[in-house]
Amino acid sequence: MYIEWVVVKSFTVYWREFTIRKEYETMTSFKEKKDLTNETLQAIIEFSTDGIYVVNKKGITIYVNEAYEKITGTNKQNVLGKHMQTVIDEGYIDQSVSLLVLEAKKRRSIMQTISSERDVMVTGNPVFNKQGEIELVVTTVQDITQLNAVKKELLKVKEFSHMNANKYAVKVNGSEQPLVFQSNRMNLVYQQAKRVAPFPTSILLSGPSGSGKEVVANLIHDSSDRNNQPFIKVNCGAIPEPLLESELFGYEKGAFTGARTEGKIGLLELADGGTLMLDEIGEMPISLQVKLLRVLQEKQVQKIGGTKTKSIDIRIISATNQHLGELS
């Protein structure tokens with residue numbers, strides 16, 4: 001029995017030491033795993049292509065990752081430790097999704113334009129504690145500038161495909177058309193067209209129907225640095241007067257009864273970077289001519305029903321078979 005008691009005691013001591021050692025190893029492993037997890041999470045946040053912006057429950061900035069700096073061009077040192085209202089007042093952002101989340105106590109998303117160049121999607125997510133109170137607001141910032149650019153290009157392609165040949169024609173990277181003439185007067189017209197082609201100035205072509213105004217317009221466009229950009233030709237006399245403004249300027253969704261739900265890009269915006277020919281300009285209503293004058297002066301266009309203007313770079317070539325001087 002003595003031998004059995006010694007064996008039992010020895011086994012008990014061994015098991016206790018084994019248990020203590022395993023508990024220590026488990027605690028050590030947990031600590032290492034915890035430290036590793038923190039390092040991994042920090043690496044993920046820093047190497048994320050999305051911007052990460054974190055504020056505490058008081059709306060004070062406590063963390064900004066490197067991607068946010070690259071997307072917005074804002075140095076983190078300029079916003080860390082500052083209340084979001086101060087960040088707004090100092091002009092780093094125009095509105096704060098973090099403040100919206102703190103007020104609504106739920107997820108919020110907004111669209112922002114940074115420095116008039118980058119479009120970003122900003123989404124703020126609240127982080128709650130066990131008591132159901134907000135402890136943090138974690139905001140992700142996604143650069144969608146390229147996505148929007150692609151979307152606009154696809155929309156332009158769609159609009160081009162909807163064009164009615166009876167209303168207007170489109171020429172992009174068109175084949176070269178030879179211009180044949182013999183008279184000295186036509187040679188003078190040719191030399192004048194080649195001389196003004198490199199400049200972005202607006203041009204008025206006048207002459208009887210069938211005299212070749214469109215041919216001269218083609219020559220001017222093809223001889224300019226815009227020859228690889230759209231050349232849109234609009235017959236102002238072929239489009240009903242009530243529709244001409246919406247065709248030229250476009251409209252926002254729901255701008256008027258019967259408008260397409262997704263809105264419409266106007267021909268002025270479609271011709272951005274290229275040339276717009278307004279044939280039969282004498283048929284354009286005076287009220288619309290005033291709006292067109294603003295486009296020529298300010299190089300900006302505003303859709304019907306819209307509140308924002310868009311800068312455009314277009315050359316306008318007008319043509320008419322009327323004596324405009326006699327009509328004034």
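Leaving out residues up to four places away in sequence, Ser311 touches Asp272, Lys299 and Gln300. Ser311 belongs to strand 13, which covers residues 309-311, and in this predicted model the C-alpha atoms of Ser311 and Val301 are separated by 6.5 Å, although the two residues stand 10 apart along the chain. Ser311 counts as exposed because its relative accessibility is 52% and the cut-off for that class is over 50%.

Lys299, one of the residues that Ser311 touches, is found in the loop between helix 10 and strand 12 (300-302). The phi of Lys299 is near 55 degrees, a positive value in a residue other than glycine, and at 32% relative accessibility Lys299 counts as partly exposed. A second residue with this kind of backbone angle is Glu280, which has a positive phi of about 55 degrees although it is not a glycine. Glu280 is found in the loop between strand 11 and helix 10, and it counts as buried because its relative accessible area of 18% falls under the 20% cut-off. As background to both cases, most residues other than glycine have a negative phi. A glycine with a positive phi is Gly250, which comes just after helix 8 and takes a value of about 75 degrees.

**Overall make-up and confidence**

The protein chain holds 11 helices and 14 strands, and buried residues make up 33% of its 328 residues. Among contacts between residues at least 6 apart in sequence, 57% join residues at least 24 apart. The mean pLDDT of the chain is 77, with 71% of the residues reaching 70 or more. Over residues 1-15 pLDDT stays under 50, and for this stretch the model has zero contacts beyond four places in sequence. Over residues 164-168 pLDDT likewise stays under 50, but for these residues the model has 12 contacts beyond four places in sequence. Where pLDDT is low, the predicted coordinates should not be read in detail.

**Nonpolar cores**

The largest nonpolar core has 23 residues, and those with the most contacts inside it are Leu248, Leu268, Leu278 and Met284. Two or more residues of this core come from each of strand 8 (231-235), helix 8 (241-249), helix 9 (267-270), strand 11 (275-279) and helix 10 (286-298). Apart from this core lies another, of 19 residues, among them Tyr53, Val64, Val101 and Val120. To return to the core of 23 residues, Leu278 is in contact, its neighbours within four places in sequence left aside, with Val234, Cys236, Leu248, Met284, Leu292, Ile316, Ile317, Ser318 and Ala319. Leu248 is also one of the buried residues of helix 8, which are Leu244, Ser246, Glu247, Leu248 and Phe249.

**A pocket and a cavity**

| Space | Volume | Lining residues | Lining by class |
|---|---|---|---|
| Second largest pocket | about 380 Å³ | 16 residues | 12 nonpolar, four polar, no charged |
| Largest cavity | about 140 Å³ | 15 residues | nine nonpolar, six polar, no charged |

In the second largest pocket, the lining residues that lie nearest the centre are Ile281, Met284, Gln289, Leu292 and Leu324. The elements that give two or more residues to this lining are strand 7 (203-206), helix 10, strand 14 (315-320) and helix 11 (324-327), and helix 10 gives the most, with six residues. The lining residues nearest the centre of the largest cavity are Tyr68, Ile93, Gln112, Val122 and Thr139. Helix 2 (66-72), helix 4 (97-104), strand 3 (108-114), strand 4 (118-128) and strand 5 (134-143) are the elements that give two or more residues to the lining of this cavity.

Notes:
Residues are numbered from 1 along each chain as its sequence is written. This is a predicted model: local features need pLDDT of at least 70, side-chain atom pairs count only at pLDDT 80 or more; totals for chains, interfaces and linings use all residues. Side-chain values use heavy atoms; hydrogens and water are left out. A nonpolar core is a set of buried Ala, Val, Leu, Ile, Met, Phe, Trp, Tyr and Cys residues joined through side-chain atoms within 4.5 Å. Buried means under 20% relative accessible area, exposed over 50%, partly exposed in between (1.4 Å probe, protein chains only). Helices (H or I, at least four residues) and strands (E, at least two) are DSSP runs, numbered from the N terminus. Contact means heavy atoms within 4.5 Å. On a 1 Å grid over the protein atoms alone, a cavity is a set of points where a 1.4 Å probe fits but cannot get out, and a pocket is an open set with protein on both sides within 12 Å along at least five of seven lines; lining residues have an atom within 4 Å of a point. Grid points are joined across faces, edges and corners, and a volume is the space filled by probe spheres set on the points. Ala, Val, Leu, Ile, Met, Phe, Trp, Tyr, Cys and Pro count as nonpolar, Asp, Glu, Lys and Arg as charged, and the others, Gly among them, as polar. pLDDT is the predictor's confidence in each residue, from 0 to 100.
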